Amino acid sequence: MAAVSGLVRRPLQQVTVRDAINQGMDEELERDEKVFLLGEEVAQYDGAYKVSRGLWKKYGDKRIIDTPISEMGFAGIAVGAAMAGLRPICEFMTFNFSMQAIDQVINSAAKTYYMSGGLQPVPIVFRGPNGASAGVAAQHSQCFASWYGHCPGLKVVSPWSSEDAKGLIKSAVRDNNPVVMLENELMYGVPFEFPAEAQSKDFLIPIGKAKIERQGTHITVVSHSRPVGHCMEAATVLSKEGIECEVINMRTIRPMDIETIEASVMKTNHLITVEGGWPQFGVGAEICARIMEGISEKLVLEYSQAVINIVYLNTYWIRRLKPAFSPRSCVQFPGCSRCSCHWC
Amino acid sequence: MITKYNLLFVTSPLSASRVLVASRNFANDATFEIKKCDLHRLEEGPPVTTVLTREDGLKYYRMMQTVRRMELKADQLYKQKIIRGFCHLCDGQEACCVGLEAGINPTDHLITAYRAHGFTFTRGLSVREILAELTGRKGGCAKGKGGSMHMYAKNFYGGNGIVGAQVPLGAGIALACKYNGKDEVCLTLYGDGAANQGQIFEAYNMAALWKLPCIFICENNRYGMGTSVERAAASTDYYKRGDFIPGLRVDGMDILCVREATRFAAAYCRSGKGPILMELQTYRYHGHSMSDPGVSYRTREEIQEVRSKSDPIMLLKDRMVNNNLASVEELKEIDVEVRKEIEDAAQFATADPEPPLEELGYHIYSSDPPFEVRGANQWIKFKSVS
């Protein structure tokens, strides 16, 4: 991991998530003429959240396209362009607005390869901020991980760190399938250490593989996107009390890497899922269901601890999370149980 | 001058009659007057006369007859429950699909909605592949996994089930045409019912803004399912609905009118002026789909009237025969050949096996290594191959 002079100014480069996505898109735009970016304010405004800063100046009107406020229309245009052989990156200003275009994402993009019997691929990326932000109210705070994660034919990724963001956007652009990348607005400005390999123009993170951010032996904590950071903080707190959490960063929602989660749960016998979406029919619910199905074959006798699914309520959840993690408030039920912040 | 040898033709063997037909004095071509198109924001429209060569005439006749017979065969197979699910037939609208194809190049692009069998054929797939897809067999063009509404071919993007969604897709294909700089255009079709979808107006806006080479085509067959145009649209001048986009209203039952209008529209787009809109006034004989008898919202008399006065195949046939471009017998021969082709295709479509259950999970992702897909429960797994 020797620092390559000229590439880094400090021993380990600090890169924000925003810059990581920007770098990833820049590299892919440079690499392949067919890649282009379209969305509201992506060009002259430099991106509503400045994620596409500098790209329009570098690549011009043909490759970086400002659209009118017409989600259904421009998402459909992006899908059509992908069907005709281009490789669009379609930005939704937030995924809340993608709901207006969701028919194009699911029915026109996700299902087409299957319905055509393998004749018509749709190599498109839909990206943008997902989930809660800071006090933006209900219409602007929905997490779409489980909605998109439900659909076959789609790949859904959810980066946490800068490394995740860059590796996943590059993999998404190179993937010949429709990929939904759920970013997080509050993470854009957060700097992370960028390992040397992440600085390569061919740095890719495989879609469909989770990462164990922190090794542990007592409890498995699974999360995606911004909550991964909170899990890491909680793990540090618990470590002082002698509880070692294994924190898993899902990175991909679909296809889910359930094997990594299963292996961890078999080791620890405890599972908490943490996410920013609503509890019913959520990502955590799916993980619990799959663990219970898998466990019934592998760990029937050994597994009798509770599986706790923690969901954010858009409020001051860190205070909730700490007591929730402490063994004093850990509730034991036979089999699987899910509770969502009853102690709020 | 027509000289008459007809009796000899009917009784002589095929090869001999061909020789006799060939030696008969047909005209090479004929000039026809066609209806003037209504124009919106256009100074000039397509020409009002056109030349039809004998060769083209025979080709169009055969194609239209094939589409007609194929649709009627699909009707028959559906009633026998060999075709299931959705089946939207386009008999009556043959001049649209054949005429549009006649006005563009194979390198141009086309996308339409669910009444797509005719376009699937004119864009190059065989009747065999189409009927086998309708019957859901592995010899179908989508291996039996798409069905009536999801057939794809080179430069043909279906077959789309969601009303109106294909229009932004078409504008996107046009964007790719412009991006690639290859002088190709995209024909983006929708019906009179779909014309009221909001996303179509979003597509109009972006296509005009970015000057996309997109020909928006409204196939107005007067009824969106069971709702007549007067009951669905505040303005039934569909060719004007693009507002800032120039438009023309075309007689969709006359294949020559459709062809000329398409040539005009394609030239307009290729010149870089941006999108253009065409309204084809046409009619479907069948109901909306096979589950619709088609007479609760319109009268049998109306259907009969269109059939007897404006049938596109009859119009072409009359033109050709009356202008010495072909003989009645020759066209009848084409009918016989077409019937046989359809019959053979139907046989294949009925006898071909369904795709095997093991392949249920195939084609979920493109270009990926094989993986496992969960079946109806956690112990049933299907393999998925790209």
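Start with both chains on screen: 49 residues of chain A are in contact with 37 residues of chain B, contact meaning heavy atoms within 4.5 Å. Before you go on, note that this is a predicted model in which local features need pLDDT of at least 70 and side-chain atom pairs count only at pLDDT 80 or more, while totals for chains, interfaces and linings use all residues. Residues are numbered from 1 along each chain as its sequence is written, chains are lettered from A and ligands numbered from 1 in the order in which they are written, and side-chain values use heavy atoms, with hydrogens and water left out.

**Stop 1: the interface**

Show a surface. About 3,600 Å² is buried between chain A and chain B, with carbon and sulfur atoms giving 62%; buried area is the accessible area (1.4 Å probe) that two parts lose on being put together, summed over both. On the chain A side, select A:Ile77, A:Tyr114 and A:Met115, which lose the most area to chain B, together 20% of what that side buries.

Next, pick B:Asp368 and A:Lys155. Their side chains form a salt bridge at 2.6 Å, N to O, and the count between the two chains is two (a side-chain nitrogen of Lys or Arg within 4 Å of a carboxyl oxygen of Asp or Glu). Now colour by element: α3(A) gives the most to the side of chain A that touches chain B, with ten residues. Helices (H or I, at least four residues) and strands (E, at least two) are DSSP runs, numbered from the N terminus.

**Stop 2: the cores**

Select A:Phe126, A:Tyr148, B:Tyr190 and B:Phe216, which touch the most other members of the largest nonpolar core, a set of 74 residues. Such a core is a set of buried Ala, Val, Leu, Ile, Met, Phe, Trp, Tyr and Cys residues joined through side-chain atoms within 4.5 Å. A second, separate core has 72 residues, including B:Phe32, B:Cys97, B:Tyr268 and B:Leu331.

Zoom in on A:Phe126: among the residues it touches are A:Val79, A:Phe92, A:Phe95 and A:Met181, not counting residues up to four places away in sequence.

**Stop 3: a covered helix in chain B**

Is helix α6 (residues 127-134) of chain B mostly covered or mostly open? Mostly covered: six of its eight residues are buried (under 20% relative accessible area, exposed being over 50% and partly exposed in between, with a 1.4 Å probe and protein chains only). One of the buried residues is B:Glu133. Just after α6(B), click B:Gly136, with its positive phi of about 75°.
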